Amino acid sequence: MSFQPNPGDELIINDEVYVVGSHPAAPGLAYAQAGRQGIVYQLLDKSGAPHKAKALKVFFSKFRIPAMVYQSEHMELYGEIPGLQVCKRDVLTPERNGDLITKQPDLLYAVLMPWVYGKTWFDCLTEQSRLEPSDSLVLARSLAAIGSAMEQRGLAHCDLSAPNVMIPFFSEVELPEGVSPVELVDVEQMYSTKMDRPDTLLAGSPGYAAHRTVHSGLWSAYADRFAGAVIIAEMLGWSDPTVVDRAWGESYFDQLETQTPCERYYILRKSLESRWGTRLSDLFVRAWESQDLSSCPTFGEWLVVLNSLSHEQIPSTEQAEPELKETTSAAAIVAGAETLSIGISAPVLEGTRGDKDIIDRLFREARELEEANKPAAALEVYRSLYHFAEEGSPLQVEVLAAIQGLEELLHPPLPAEPVKPAWYRSRKVMISAAAAIVVLAGSIPAVQILADRANTKQLEAVKLAEEQKKQEAQRQMEEAARLKAEEERKAEELALAQKKAEEEKAKQAAAAARQAKYEAYLASKEKQKQEASKQELQTKYERQAKYEEYLTWKKERDERLAAEAAAEEKRKAETAAAAAKAAVERKGKVLQLISLYNKAYSSQEGGREDKARSFAIQFTQLYETNSSYFHSVGEMGYRASALYKYLSESDYRLPSI
């Protein structure tokens with residue numbers, strides 16, 4: 001980009017003179033802020049009034065879109081919404097700003113809009129400075145009010161993230177009353193039914209993009225709901241030191257944690273519930289567990305709950321959070337051990353596995369989720385708890401059973417056809433056979449029984465032998481089934497032992513890999529530190545050289561401007577003198593024309609037609625030297641018309657004028 005202004009440079013935009021502002025942290029350099037689509041420069045009004053400052057956004061070549069003019073005309077209507085003052089914008093076009101764009105081609109389709117003072121929410125996150133609870137509530141209410149007003153008009157920012165949320169509430173510059181505590185910037189991707197879809201869509205910012213639904217880009221009326229819920233929760237949680245200490249960095253959540261039952265989610269959720277009430281935490285849970293953006297709470301719902309909080313419900317600065325502190329004191333170590341970005345050695349990990357406080361709290365959390373009929377979330381918590389429990393302990397066995405039960409509940413197996421036993425092995429058949437024998441034995445006629453008792457006794461002996469044989473066969477079958485079950489149990493125990501050995505081996509390998517990554521991380525951080533120190537020194541040298549170059553340029557520019565001003569004054573004086581001289585000459589010619597007309601009229605009245613015609617010819621010759629001017633003076637056009645007619649018609653009588 002060739003447009004690189006210096007502090008103090010003047011730009012004339014729409015007949016207004018602006019001065020490029022100086023960076024407060026680097027005197028001698030222009031006040032500029034780089035973004036994803038371009039660079040924003042601060043332009044100060046000649047009067048120096050802070051509220052009249054402007055922001056000039058110069059886009060990179062990829063984002064210089066002619067349709068920005070049409071888009072800005074529609075955005076002008078939304079500039080009256082509190083928090084959207086950047087919608088009051090002018091686009092620099094070749095028709096209106098041709099001279100400036102000719103000198104600075106990079107300013108084609110640049111946007112001029114109000115300058116928003118204060119820091120961004122991104123700055124608040126990275127500084128990790130805790131807010132007062134009352135300040136947290138003011139910021140959350142303001143953002144919810146902006147989002148609600150936009151939703152009622154069918155609008156969405158479509159790139160809502162910490163860098164795009166300005167906080168004039170913390171501005172050191174005194175601003176007029178009525179300024180919104182929160183302002184949204186970078187509105188070029190704004191959604192509206194009256195605007196065309198942008199050629200290039202942004203896919204959301206890390207830590208604020210709903211990974212379940214966002215893949216290629218955001219551009220819909222629901223686009224801000226998930227990101228808005230996260231930022232409102234961050235603003236409310238930023239008055240809690242526990243939440244601030246557990247923040248990931250550039251946002252509270254790591255992008256990989258979005259919409260997962262991670263530790264940071266439970267910490268923020270507990271903080272919202274204990275400090276601000278269950279209604280707010282329920283809204284956050286709805287957004288976090290939503291399957292699509294339209295399922296997230298509206299900004300209007302957030303605003304209703306936030307406005308319902310009375311002064312007594314605002315938590316005090318010294319409010320204790322023993323439960324959260326206990327949770328995070330030990331859980332932070334465990335979470336750190338499992339995060340790749342922060343390596344940790346295996347001994348530290350093993351030392352935290354048996355922490356009873358963590359286990360108890362995770363167990364209660366899982367039970368609460370089960371009772372709330374949220375099996376998927378409860379399953380994730382049980383899986384985390386399984387790794388924290390002692391190997392082979394009763395708790396681990398119980399947790400494993402709960403995991404298996406929830407997995408069967410969420411993914412029930414397909415019903416299988418029961419295997420029918422052979423007919424001769426069926427218990428019913430065996431009982432029926434025995435009953436039949438008894439019936440047959442009882443149905444023998446009494447005469448025959450009395451006649452042949454020996455046969456009866458023999459039949460009874462046979463029946464008893466068969467019954468004993470059946471019982472022995474049944475016992476053998478049960479023993480065989482028991483032996484088979486014992487063999488299967490031993491095989492399962494052997495497989496489980498092998499699996500545990502493999503898991504232990506994998507854990508050791510993972511611990512070694514984490515240690516190696518941690519050492520590599522430390523080495524890279526040291527290298528970055530050295531490079532940053534070297535870069536800082538180089539930057540200082542370059543800044544000093546640029547400042548000296550600027551002083552030399554400024555001196556030459558001042559001398560050149562002084563010379564040009566003197567030459568301009570001289571030219572103006574010469575032009576004025578020439579104009580005065582021309583005016584005197586024209587006035588003399590006007591008097592001469594009046595005299596010639598009067599002479600022609602007198603000669604005609606005296607009967608001297610030849611002289612009258614001579615004076616008429618002299619009049620027309622002098623009149624035609626500047627007819628456009630003479631025609632506008634008094635009755636001169638009327639005199640000329642009369643003389644022209646007299647010269648064409650000899651019997652025409654000149655009027656007395």
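Asn626 lies in the loop between α18 (609-623) and α19 (627-631). Helices here are DSSP runs of H or I with at least four residues, strands are runs of E with at least two, and both are numbered from the N terminus. At 27% relative accessibility, Asn626 counts as partly exposed, because buried means under 20% relative accessible area, exposed means over 50%, and partly exposed lies in between, with a 1.4 Å probe and protein chains only. Asn626 and Arg586 are separated by 40 residues in sequence, and their C-alpha atoms are 8.9 Å apart in space.

The model is predicted: local features need pLDDT of at least 70, side-chain atom pairs count only at pLDDT 80 or more, and totals for chains, interfaces and linings use all residues. Residues are numbered from 1 along each chain as its sequence is written, and side-chain values use heavy atoms, with hydrogens and water left out.

The chain holds 20 helices and 12 strands. Of its 657 residues, 37% count as buried. Contact means heavy atoms within 4.5 Å. Among contacts between residues at least 6 apart in sequence, 67% join residues at least 24 apart.

Asn14 is found in the loop between β1 (10-13) and β2 (16-20). The phi of Asn14 is near 55°, a positive value in a residue other than glycine. As background, most residues other than glycine have a negative phi. With 26% relative accessibility, Asn14 counts as partly exposed.

Next come β3 (residues 22-23) and β4 (residues 26-30), which run antiparallel and are joined by 2 bridges. Two strands pair if DSSP finds at least two bridges between them. Ser22 has Ala30 in β4 as its bridge partner. With 2 residues between them, β3 and β4 form a hairpin.

Strand β9 (residues 111-114) has antiparallel links to two other strands, treated here in turn. Strand β7 (residues 54-59) is joined to β9 by 4 bridges, and Lys54 has Pro114 in β9 as its bridge partner. Strand β8 (residues 90-91) is joined to β9 by 2 bridges, with Val91 standing opposite Val111 in β9. Tyr109 lies in the loop between α2 (94-103) and β9. Tyr109 is not a glycine, yet has a positive phi of about 60°. At 16% relative accessibility, Tyr109 counts as buried.

Strand β11 (residues 165-167) and β12 pair over 2 bridges, and Met166 stands opposite Glu183 in β12. Thr120 is found in β10 (residues 119-120). Thr120 is buried, with a relative accessible area of 13%. Not counting residues up to four places away in sequence, Thr120 touches Ala162, Pro163, Val165, Met166 and Ile167.

The remaining paragraphs concern helix packing. Two packed helices are described by the angle between their axes and the distance between the axes. Axes are lines fitted to C-alpha atoms, for helices over the stretch in contact, and angles run from 0 to 180 degrees between N-to-C directions.

Helix α4 (residues 133-152) and helix α5 (residues 225-237) pack at an angle of about 165°, with their axes 8 Å apart. That makes α4 roughly antiparallel to α5, since angles under 35 degrees count as roughly parallel, over 145 as roughly antiparallel, 65 to 115 as roughly perpendicular and the rest as oblique. The crossing of α4 and α5 is left-handed; this term applies if the near helix is turned anticlockwise from the far one by less than a right angle, and right-handed applies if clockwise. On the α4 side, the contact involves Ser136, Leu137, Leu139, Ala140, Leu143, Ala144 and Glu151, which meet Arg225, Gly228, Ile231, Ile232, Met235 and Leu236 in α5. The residues of this contact divide into 9 nonpolar, 2 polar and 2 charged. Ala, Val, Leu, Ile, Met, Phe, Trp, Tyr, Cys and Pro count as nonpolar, Asp, Glu, Lys and Arg as charged, and the others, Gly among them, as polar.

Helix α5 also meets helix α7 (residues 263-276): their axes come within 10 Å and cross at roughly 60°. The two helices α5 and α7 are therefore oblique to each other. Their crossing is left-handed. Ala233, Leu236 and Gly237 in α5 meet Leu268, Leu272 and Trp276 in α7. By class, this contact has 5 nonpolar, 1 polar and no charged residues.
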